[in-house]
Amino acid sequence: MNVLTRKIPAYYYDKSNLIRLVLFTAFFDLVFINIYKPFSSLTWYPVSEFKFFIFSSLVILTGVLAVAISRVIMYFYTKKHTLNYMEYGIWIVLEIFFLSTFYTLYSCFLRPERDVMETFWEASENTSLILLLPYAILMLYFSWRDKEQKLQMLEEMKGDTGG
(Lines give C-alpha, C1' and ligand atoms only; values in the text may rest on other atoms or scores of the structure.)
Protein backbone atom coordinates (compact mmCIF):
# COMPACT_ATOMS: atom_id res chain seq x y z
CA MET A 1 0.00 0.00 0.00
CA ASN A 2 1.29 3.44 -0.93
CA VAL A 3 2.33 5.49 2.11
CA LEU A 4 0.41 8.56 0.88
CA THR A 5 -2.88 6.68 0.64
CA ARG A 6 -2.49 4.94 4.01
CA LYS A 7 -4.91 6.23 6.62
CA ILE A 8 -3.44 8.43 9.32
CA PRO A 9 -3.58 7.11 12.89
CA ALA A 10 -6.59 8.15 14.93
CA TYR A 11 -4.39 10.00 17.43
CA TYR A 12 -3.74 12.66 14.75
CA TYR A 13 -7.32 13.88 15.14
CA ASP A 14 -8.10 12.79 18.68
CA LYS A 15 -9.83 15.67 20.45
CA SER A 16 -7.34 15.96 23.30
CA ASN A 17 -4.40 15.77 20.90
CA LEU A 18 -5.91 18.49 18.69
CA ILE A 19 -6.25 20.72 21.74
CA ARG A 20 -2.63 19.94 22.69
CA LEU A 21 -1.53 20.74 19.14
CA VAL A 22 -3.22 24.15 19.15
CA LEU A 23 -1.97 25.09 22.64
CA PHE A 24 1.58 23.84 22.05
CA THR A 25 1.76 25.58 18.68
CA ALA A 26 0.62 28.85 20.28
CA PHE A 27 3.13 28.57 23.11
CA PHE A 28 5.97 27.43 20.85
CA ASP A 29 5.37 30.19 18.31
CA LEU A 30 5.10 32.93 20.94
CA VAL A 31 8.35 31.83 22.55
CA PHE A 32 10.11 31.16 19.27
CA ILE A 33 9.23 34.47 17.63
CA ASN A 34 9.56 36.70 20.68
CA ILE A 35 12.67 35.22 22.27
CA TYR A 36 14.65 33.72 19.43
CA LYS A 37 13.51 36.32 16.86
CA PRO A 38 14.18 34.18 13.78
CA PHE A 39 14.36 35.42 10.20
CA SER A 40 15.53 38.88 11.41
CA SER A 41 11.91 39.40 12.48
CA LEU A 42 12.75 42.37 14.69
CA THR A 43 13.70 44.30 11.55
CA TRP A 44 10.36 43.65 9.82
CA TYR A 45 8.84 46.75 11.37
CA PRO A 46 10.66 49.71 12.94
CA VAL A 47 9.17 49.43 16.46
CA SER A 48 10.47 48.91 19.99
CA GLU A 49 10.94 45.39 21.34
CA PHE A 50 7.83 45.77 23.51
CA LYS A 51 5.68 46.87 20.57
CA PHE A 52 7.18 44.04 18.52
CA PHE A 53 6.14 41.61 21.27
CA ILE A 54 2.58 42.98 21.27
CA PHE A 55 2.25 43.00 17.46
CA SER A 56 3.84 39.60 16.95
CA SER A 57 1.74 38.12 19.76
CA LEU A 58 -1.45 39.43 18.14
CA VAL A 59 -0.44 38.06 14.73
CA ILE A 60 0.58 34.71 16.23
CA LEU A 61 -2.59 34.41 18.29
CA THR A 62 -4.69 35.27 15.24
CA GLY A 63 -2.83 32.55 13.35
CA VAL A 64 -3.40 30.12 16.20
CA LEU A 65 -7.10 30.97 16.07
CA ALA A 66 -7.05 30.00 12.39
CA VAL A 67 -5.27 26.74 13.28
CA ALA A 68 -7.83 26.10 16.02
CA ILE A 69 -10.70 26.62 13.59
CA SER A 70 -8.99 24.34 11.08
CA ARG A 71 -8.53 21.62 13.69
CA VAL A 72 -12.14 21.91 14.91
CA ILE A 73 -13.25 21.40 11.31
CA MET A 74 -10.85 18.44 11.08
CA TYR A 75 -12.26 16.97 14.29
CA PHE A 76 -15.84 17.03 12.98
CA TYR A 77 -14.84 15.98 9.46
CA THR A 78 -12.99 12.91 10.77
CA LYS A 79 -16.03 11.77 12.71
CA LYS A 80 -17.52 10.70 9.34
CA HIS A 81 -14.44 10.40 7.12
CA THR A 82 -10.89 9.20 7.49
CA LEU A 83 -7.88 11.08 6.25
CA ASN A 84 -4.88 9.57 4.53
CA TYR A 85 -1.38 11.01 4.71
CA MET A 86 -1.76 12.87 1.42
CA GLU A 87 -5.03 14.49 2.53
CA TYR A 88 -3.49 15.37 5.89
CA GLY A 89 -0.50 16.93 4.10
CA ILE A 90 -2.83 18.95 1.87
CA TRP A 91 -4.72 20.07 4.98
CA ILE A 92 -1.48 21.40 6.49
CA VAL A 93 -0.47 23.06 3.20
CA LEU A 94 -3.85 24.82 3.15
CA GLU A 95 -3.35 25.99 6.74
CA ILE A 96 0.03 27.42 5.72
CA PHE A 97 -1.50 29.02 2.61
CA PHE A 98 -4.31 30.74 4.54
CA LEU A 99 -2.02 31.90 7.33
CA SER A 100 0.48 33.22 4.77
CA THR A 101 -2.32 35.05 2.98
CA PHE A 102 -3.46 36.58 6.26
CA TYR A 103 0.07 37.68 7.14
CA THR A 104 0.55 39.13 3.63
CA LEU A 105 -2.66 41.17 3.90
CA TYR A 106 -1.72 42.33 7.39
CA SER A 107 1.82 43.21 6.36
CA CYS A 108 0.81 45.04 3.18
CA PHE A 109 -1.83 46.97 5.12
CA LEU A 110 0.82 48.18 7.58
CA ARG A 111 3.44 48.78 4.89
CA PRO A 112 1.73 49.35 1.52
CA GLU A 113 5.07 49.84 -0.24
CA ARG A 114 5.90 46.14 0.18
CA ASP A 115 5.63 43.89 -2.86
CA VAL A 116 2.66 41.59 -2.38
CA MET A 117 4.15 38.47 -3.99
CA GLU A 118 7.51 38.88 -2.26
CA THR A 119 5.71 39.32 1.05
CA PHE A 120 3.54 36.26 0.36
CA TRP A 121 6.55 34.03 -0.42
CA GLU A 122 8.38 35.28 2.67
CA ALA A 123 5.25 34.71 4.76
CA SER A 124 4.86 31.20 3.31
CA GLU A 125 8.44 30.30 4.17
CA ASN A 126 8.19 31.71 7.69
CA THR A 127 4.78 30.18 8.34
CA SER A 128 5.99 26.78 7.15
CA LEU A 129 8.96 26.87 9.47
CA ILE A 130 6.94 28.18 12.40
CA LEU A 131 4.12 25.63 12.04
CA LEU A 132 5.92 22.53 10.85
CA LEU A 133 8.39 22.39 13.75
CA PRO A 134 5.79 22.19 16.55
CA TYR A 135 3.62 19.92 14.39
CA ALA A 136 6.53 17.52 13.86
CA ILE A 137 7.47 17.56 17.55
CA LEU A 138 3.90 16.77 18.57
CA MET A 139 3.39 14.06 15.96
CA LEU A 140 6.54 12.33 17.20
CA TYR A 141 5.33 12.67 20.79
CA PHE A 142 1.83 11.39 19.96
CA SER A 143 3.28 8.45 18.07
CA TRP A 144 5.64 7.60 20.92
CA ARG A 145 2.81 7.82 23.47
CA ASP A 146 0.55 5.64 21.29
CA LYS A 147 3.25 2.99 20.93
CA GLU A 148 3.91 3.11 24.68
CA GLN A 149 0.20 2.59 25.43
CA LYS A 150 -0.01 -0.32 22.98
CA LEU A 151 3.08 -1.92 24.51
CA GLN A 152 1.62 -1.54 27.99
CA MET A 153 -1.61 -3.21 26.82
CA LEU A 154 0.38 -6.11 25.34
CA GLU A 155 2.30 -6.52 28.58
CA GLU A 156 -0.95 -6.52 30.57
CA MET A 157 -2.45 -9.11 28.19
CA LYS A 158 0.67 -11.25 28.57
CA GLY A 159 0.41 -10.96 32.36
CA ASP A 160 -3.30 -11.91 32.30
CA THR A 161 -2.58 -15.10 30.33
CA GLY A 162 0.07 -16.15 32.81
CA GLY A 163 2.75 -16.29 30.13
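Predicted model: local features only at pLDDT ≥ 70, side-chain atom pairs only at ≥ 80, totals over all residues.
Biologist: How do you know that the length of helix α4 agrees with its residue count?

Modeller: At 1.5 Å a residue, the 45 residues of α4, 116-160, should span 66 Å. The C-alpha atoms at its ends are 64 Å apart, so the two values agree.

Biologist: What caps the N-terminal end of α4?

Modeller: Aspartate 115 does. One of its side-chain oxygens lies 3.5 Å from the backbone nitrogen of methionine 117.

Biologist: Why is the contact between glutamate 95 and arginine 71 called a salt bridge?

Modeller: The cut-off is 4 Å between a side-chain nitrogen of Lys or Arg and a carboxyl oxygen of Asp or Glu. Here the closest N and O atoms are 2.9 Å apart, so the pair qualifies. Glutamate 95 lies in α3 and arginine 71 in α2, so the bridge ties together parts 24 residues apart in sequence.

Biologist: Why does glutamate 95 count as buried?

Modeller: Buried means under 20% relative accessible area. Glutamate 95 has 6%, so it counts as buried. Arginine 71, at 2%, is buried by that rule too.

Biologist: What makes aspartate 146 and lysine 150 a salt bridge?

Modeller: Their closest N and O atoms are 3.2 Å apart, and the limit is 4 Å. Both residues lie in α4, 4 residues apart, about one turn of the helix. Aspartate 146 is buried at 15%, whereas lysine 150 is partly exposed at 45%.

Biologist: What makes phenylalanine 97 and phenylalanine 98 an edge-to-face pair?

Modeller: Their ring centres are 5.4 Å apart and their planes stand at 75°, so this pair is edge-to-face.

Biologist: Which residues form the nonpolar patch on the surface?

Modeller: Val3, Leu4, Met86, Ile90, Leu94, Phe97 and Phe98, with about 650 Å² of accessible area together. Leucine 4 is partly exposed, at 42%.

Notes
Residues numbered from 1 in each chain as written. Heavy atoms only, no water. Helix = DSSP H or I, 4+ residues; strand = E, 2+ residues; numbered from the N terminus. Expected span 1.5 Å × (residues − 1). Polar contact = N/O pair within 3.5 Å; in protein donor to acceptor, adjacent residues only side chain to side chain. Patch = residues over 30% accessible without salt bridge, like charges linked within 9 Å, V, L, I, M, F, W, Y side chains within 5 Å. Areas by Shrake-Rupley, 256 points an atom, 1.4 Å probe, with all protein chains shown as cover. Buried < 20%, exposed > 50% of the residue type's maximum accessible area, 1.4 Å probe, protein only. Phe/Tyr/Trp six-rings, centres within 6.5 Å; stacked < 30°, edge-to-face > 60°.
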